[in-house]
Amino acid sequence: MNDSYIYIYVITALLPLSALMLVLQTNPYHALVVQGILGAVAALVFAVLGAADVALTQALMGTLLAITLYAIAVRSSLVMRLGVLEDGAIETDDESHFGQLMDDLRTIFSKHYMRLEVVPYTNTQALHRALMEKEVHATCARGEYDNQDSVATEDEKQPYHTTTRVQRLYDIMRTELSSPATSLTFVNAPDSGEKHK
């Protein structure tokens with residue numbers, strides 16, 4: 001009689017196995033798939049053991065609804081918002097540098113399962129305010145050069161300056177961004193309760 005119920009043990013053994021796979025996932029989208037597998041296995045175990053109502057609840061709430069909500073949460077949370085000046089503020093000569101920089105940033109952040117969202121602003125004051133008020137994670141604007149810097153050659157001058165308020169993003173860009181088109185700075189944004197001048 002034990003041989004006829006061996007499939008129950010096999011199905012039940014899939015529960016801790018799929019739970020372990022879920023915990024070990026680094027890619028959040030793969031984790032969603034494994035979460036779906038875990039929910040389906042749990043529903044199957046409940047159905048095999050005769051708890052059809054619990055199996056249906058697990059399938060609908062624990063699998064379908066949970067996966068949908070997790071997918072929305074993952075999609076909305078893994079965004080790097082980059083504030084830039086509107087297109088009119090970018091000179092024609094710099095469009096190729098700016099486009100290459102955006103492509104490089106998209107490539108870098110896609111490796112970390114993030115997407116880049118570019119948010120345009122009308123002027124540098126609005127751009128800086130958006131960074132300090134935490135509307136964006138980083139800003140990228142045309143670099144300003146002093147007259148004293150005339151010794152530097154054109155190749156040494158970086159046309160853009162990228163500033164971020166998130167330490168992890170700064171570390172990623174500092175180690176992985178090899179574009180000569182931008183310099184990189186980290187700033188501490190004040191807490192939302194503090195007033196800044």
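How far apart are the end C-alpha atoms of residues 55–73, and how much of the chain there is helix or strand? The ends are 25 Å apart, and the stretch is 100% helix and 0% strand. Keep in mind that this is a predicted model. Here is a short tour of the rest.

**Overall make-up**
- The protein contains six helices and five strands, which follow the order α-α-α-β-α-β-α-β-β-α-β from the N terminus.
- Of its 197 residues, 35% count as buried.
- Among contacts with a separation of 6 or more, 61% link residues 24 or more positions apart.

**Annotated transmembrane regions**
- An unreviewed UniProt entry places the feature "transmembrane region" at residues 6–24, 31–49 and 55–73.
- Residues 6–24 are 100% helix and 0% strand, and their end C-alpha atoms lie 28 Å apart.

**Nonpolar cores**
- The largest nonpolar core holds 18 residues, and those with the most contacts inside it are Met80, Leu82, Met102, Leu105, Phe109 and Cys140.
- Two or more residues of this core come from each of strand E1 (79–85), helix H4 (95–111), strand E3 (138–142) and helix H6 (167–176).
- Helix H4 gives the largest share, six residues.
- Another core, of ten residues, lies apart from this one and includes Val119, Ala126, Leu127 and Leu131.

**A closer look at Cys140**
- Leaving aside residues up to four places away in sequence, Cys140 touches Leu82, Gly83, Val84, Leu85, Phe98, Leu101, Met102, Leu127, Tyr160, His161 and Thr162.

Technical notes. Residues are numbered from 1 along each chain as its sequence is written. This is a predicted model: local features need pLDDT of at least 70, side-chain atom pairs count only at pLDDT 80 or more; totals for chains, interfaces and linings use all residues. Side-chain values use heavy atoms; hydrogens and water are left out. UniProt positions are given in the numbering used here, feature names are shortened, and annotations may be inferred rather than shown by experiment. Helices (H or I, at least four residues) and strands (E, at least two) are DSSP runs, numbered from the N terminus. A nonpolar core is a set of buried Ala, Val, Leu, Ile, Met, Phe, Trp, Tyr and Cys residues joined through side-chain atoms within 4.5 Å. Buried means under 20% relative accessible area, exposed over 50%, partly exposed in between (1.4 Å probe, protein chains only). Contact means heavy atoms within 4.5 Å.
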